[in-house]
Amino acid sequence: MIKLNNLSKYYYSSGSVATGLRKINLELEKGEFVAITGESGSGKSTLLNVISGMISYEEGELFIHGETTSHYDANDWEEYRRDHIGFVFQSYRLIESYTVEQNVISALLLRGVSYEEAKERTKNYLEQVGLEGYETQKGSQLSSGQKQRLAIARALAKDTEILVADEPTGNLDTENGKNIMKLFSELAKDKLILVVTHDYEEAKPFVTRKIVIHDSELVEDIKLKDRDTERKDFLKTKQKSQRKYLVWNFLRMNLSSQPLRGVFLTLFLLVAGFAGFIFYGNILSNLDDVTAKQYSNTYFYNSSPLRLIVRNREGTALTKDDLAILQTLAHVEGTDLYGLTNDINYFCENGKDYITNYTASTSNDNSMVNSYETNIFLNDFSKFVRTATGLKQEDLLWGELPSKANDIVIYTTDDTKLKETIPYYFHNQRSWQTNSYIKMEMTICGILKKPTNQTYFSEELGQALVMSAWKTGAEPVNYLQILQSQGENNKLYKKATLKDCIIYTDATFDFTGQDIVLSKKTKQSYEECTKAYLTVSYDEGKGELYDISKQMNESSEKMVAVPEKIFEQLAKELAGSSQIGVYLEDYAYTNQVLEEIKRLGYEVISPFRASMRVYDPKKVSERLISLGIAFVSFAILFILEHILLRSLLRLKDEDYLTLRFLGMGRKIPVKIIAGEMFFFTISAFIGASFLIWISSGFIEQISHLIKYYKPAQFFLLFILFLCNIESATFGYGRHLEKKLAVGQKNGGRL
């Protein structure tokens, strides 16, 4: 069965050569219980490890069933150990995190037995060694004698024809040692049992053959008893079809046997994933170089980074149908059909937005105050007009959407404000003179549900203000043609240029300062004026400007009243809605929404980005530092994660080396660990995603960063972490092979 012919083994280290075995000639048969004895260092363990395929030999030949083994490669030896050798170690080499049952099942799984059958057959092996009733106990909870019995049960489960044991009773008391030897004697009826022992007297009553090794040579080979003639032929358990489930079976045993380890690894990866989300998010947020530039209001006074401007590629007017399409886009917070108004300022808070001064006017002799003049000084230019065209009735908590020109919608917690009238001032920085304005008395018709500082104006007012958004010069968006008056309806003037336009509906009789009003007489002069439209106009000498209403104040613009029918015609011909304002939930969604709007066939720009034209050296430096810190932190996180994972995985060295000794292939441990780590990574990322979602509700930085992520970027982050984790796994596999190789060089001891 086993034959050694002039076999020699040498150890090489630091240029020196030591002899492990010298010219060993030996034949061993099934049914023998062989005791191998000799002093320490004589070579008895080396002989056992050569026979079991744990270490190689340099000279001679080892025959197995008459077949030479000198040509065997690593895979051949693995198959030999798996199918022919059962091991019982002095140190037991149990997987102590496994239960008694799982330790035995592991050996059966390596033989290709299905998990269900292995579980059933385990009962018989545990009965043979007297461990019935201990199935669910962990290996770490057994006594020394019980551990050795379990090691024997596991060796029996392999159902191999050869069972080798290196000092199996070295850690046992006399009674347990004798019981183990007796058990080996019973097992030798249908196996070849090879036992290395330092106490031959303990084995003497049971062994059938004694071999003595001295100074690496075989010096004594004595047959003490005849082999038992009652034999059964050795049959391999050929169930290799079940080995395709080997990784899965070990994976589920590992997960069930060490739940706390799984929880710890998952929490570790969860923390790493959460940190990686923050660092990678900072990298994404800093990739946009607008943070390193200065804003220029050459084209747009409204510097909101949330605003986009949309127009038709053909230059045709936009409609409410276009507005409805844009409102459905993801991450769009609001829209405005009259986007041209969004660069016009409004002022509504006295003492903040504007400052009111009163100047006393005295009599000619300076003896007494005759009257007071009101002077308005525009102060805060941060508020810009938006119409209510993008709002719906369900956006309101109280009231209605605007139905009149001077209706407005605001947010307030005080419902008594409904129907209250507030003075508003309007100013167009693009084309009006400094501190010029038009005042309107606005009535609150609706109150919003969501908090905001924005006032929403009527569509009618937005239509009129669009006509005031003109400025000479061909600009990409804010551009209106010069009006050429034609037709009988335009009797108010022969040729003029519209500069500013405002609607006024209140029948105010008086005016003070630059507040523009219509007198009752002026209103009555035009039967067609159901509403009064005021147009700021000037004569460039190209035509006569008809005197429709008197100049209200020397310091104000020249104002004309336009009948409603004519105004509507002018609004249709001149203004219309050439652009729609789109407002985002967050600037981080800019690229995503820009791409989607372009996909729909519109032209679109971000005024904020278009106005970021000049790099600010200080901001450039800050951006590069922030980007560098985020990138380095991300890289350090990956390195630390890799190192810590390798360290944690090495805690399982003994378990996987034991499985390798039992016949597990080289690639199987790596596949098992890779499966475990994939499971832990999935669990950790689900947990991290939930944690990110929860924390985004109360941590503004997290809420901001998450908006820079698209599904593809989340997936990329997951893949990066998974690759790093699996890299640590495969690195651990190489470490395991090196450790096994070192053990083989050291005679099978690690």
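In this predicted model, R209 has a relative accessibility of 4% and therefore counts as buried, since the cut-off for that class is under 20%. Salt bridges that share partners join E78, R660, R666 and E737 into one network, and by the rule applied here the count of salt bridges comes to 33. The largest nonpolar core, for its part, has 104 residues.

**The pair R209 and D221**

- The buried R209 meets the side chain of D221 in a salt bridge, with an N to O distance of 2.7 Å.
- D221 has a relative accessibility of 37% and so counts as partly exposed, whereas R209, at 4%, counts as buried.

**The pair E78 and R666**

- E78 and R666, both members of the network that also includes R660 and E737, meet through their side chains in a salt bridge of 3.4 Å, N to O.
- Since E78 belongs to helix α2 (residues 74-84) and R666 to the loop between α17 (653-661) and α18 (667-695), the pair ties together parts that are 588 residues apart in sequence.
- E78 counts as buried because its relative accessibility is 8%, while R666 is partly exposed, with a relative accessible area of 36%.

**The pair K9 and E58**

- K9 forms a salt bridge with E58, in which the closest N and O atoms are 3.5 Å apart.
- This pair links distant parts of the chain, with K9 in strand β1 (residues 2-13) and E58 in the loop between α1 (44-51) and β4 (59-64), 49 residues apart.
- K9 counts as buried at 6% relative accessibility, whereas E58 is partly exposed, its relative accessible area being 33%.

**Nonpolar cores**

- In soluble globular proteins, nonpolar side chains tend to be buried together.
- Within the largest nonpolar core, of 104 residues, those with the most contacts inside it are I2, F184 and F250.
- When residues up to four places away in sequence are not counted, F250 touches Y98, S106, L109, L110, L659, M664 and I672.

Terms used. Residues are numbered from 1 along each chain as its sequence is written. This is a predicted model: local features need pLDDT of at least 70, side-chain atom pairs count only at pLDDT 80 or more; totals for chains, interfaces and linings use all residues. Side-chain values use heavy atoms; hydrogens and water are left out. A nonpolar core is a set of buried Ala, Val, Leu, Ile, Met, Phe, Trp, Tyr and Cys residues joined through side-chain atoms within 4.5 Å. Buried means under 20% relative accessible area, exposed over 50%, partly exposed in between (1.4 Å probe, protein chains only). Contact means heavy atoms within 4.5 Å. A salt bridge is a side-chain nitrogen of Lys or Arg within 4 Å of a carboxyl oxygen of Asp or Glu. Helices (H or I, at least four residues) and strands (E, at least two) are DSSP runs, numbered from the N terminus.
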